[in-house]
Amino acid sequence: MEILSLLLNGFAIAFEPLNLALIIFGCAVGLFIGAMPGLGSVNGVAILLPMTFLVPPTSAIIFLGAIYYGAMYGGAISSIMLGIPGASTAVATTFDGRPLALQGHADKALVAAAAAADRQSTRLNSSHKHISYAVFWSKKKTQFSTPREH
């Protein structure tokens with residue numbers, strides 16, 4: 001029973017208004033930092049580390065985690081839309097995401113990258129796999145929808 005009470009206490013802390021605001025702000029800032037080629041999630045956390053002195057320690061950790069998560073997805077934006085991976089974790093996203101964007105299906109590539117952005121340790125494998133599935137299904141759909149010439 002003690003474990004459940006600690007878990008509920010953790011959720012109560014995470015859903016405080018200040019922490020929710022820091023999650024939204026951190027994800028937005030991390031998204032912009034990750035979208036800039038050359039800046040990654042680790043650089044974004046390091047750059048915004050001094051801002052954590054303004055809030056309580058628990059809120060600071062939540063803020064840094066939100067920046068990291070937003071920057072992991074933001075790196076996929078520059079690699080899909082521009083073909084320039086901003087960090088080494090977004091290189092595999094460029095392989096299938098950029099050609100998909102050139103075909104006019106950038107939205108599918110960005111959604112696939114968002115689904116894969118939560119796994120940093122398997123970022124290379126999972127984002128490449130999800131985008132490969134999106135490329136496969138978009139090719140399959142267009143293959144059957146276009147008239148064949150004889």
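This is a predicted model: local features need pLDDT of at least 70, side-chain atom pairs count only at pLDDT 80 or more; totals for chains, interfaces and linings use all residues.
Residues are numbered from 1 along each chain as its sequence is written, and side-chain values use heavy atoms, leaving out hydrogens and water.

Start with helix H1 (2-14) and helix H2 (17-35), which each supply at least two residues of a nonpolar surface patch. Helices here are DSSP runs (H or I, at least four residues), numbered from the N terminus. Now select Met1, Leu4, Leu7, Leu8, Phe11, Phe15, Leu20, Ile23 and Ile24: together they make the patch, about 980 Å². H1 gives the most, with four residues.

Zoom in on Leu7, in H1. Leu7 is partly exposed, at 46% relative accessible area (buried means under 20%, exposed over 50%, partly exposed in between, with a 1.4 Å probe and protein chains only).

Next, show H2 with helix H4 (residues 57-81): their axes come within 6 Å and cross at roughly 30°. Axes are lines fitted to C-alpha atoms over the stretch in contact, with angles from 0 to 180 degrees between N-to-C directions. Residues in this contact include Gly34 and Ala35 of H2, and Gly74 and Gly75 of H4 (contact means heavy atoms within 4.5 Å).

Last stop: Gly75, in H4. Gly75 counts as buried, at 8% relative accessibility. Gly75 and Ala35 are 40 residues apart in sequence, yet 4.9 Å apart in space, C-alpha to C-alpha. Leaving aside neighbours within four places in sequence, Gly75 touches Gly34, Ala35, Gly86 and Ala90.

Note on methods: Patches are made of residues with over 30% relative accessible area and no salt bridge: like charges are joined within 9 Å, nonpolar side chains (Val, Leu, Ile, Met, Phe, Trp, Tyr) within 5 Å. Accessible areas come from the Shrake-Rupley method with a 1.4 Å probe; for residues, only the protein chains shown count as cover. A salt bridge is a side-chain nitrogen of Lys or Arg within 4 Å of a carboxyl oxygen of Asp or Glu.
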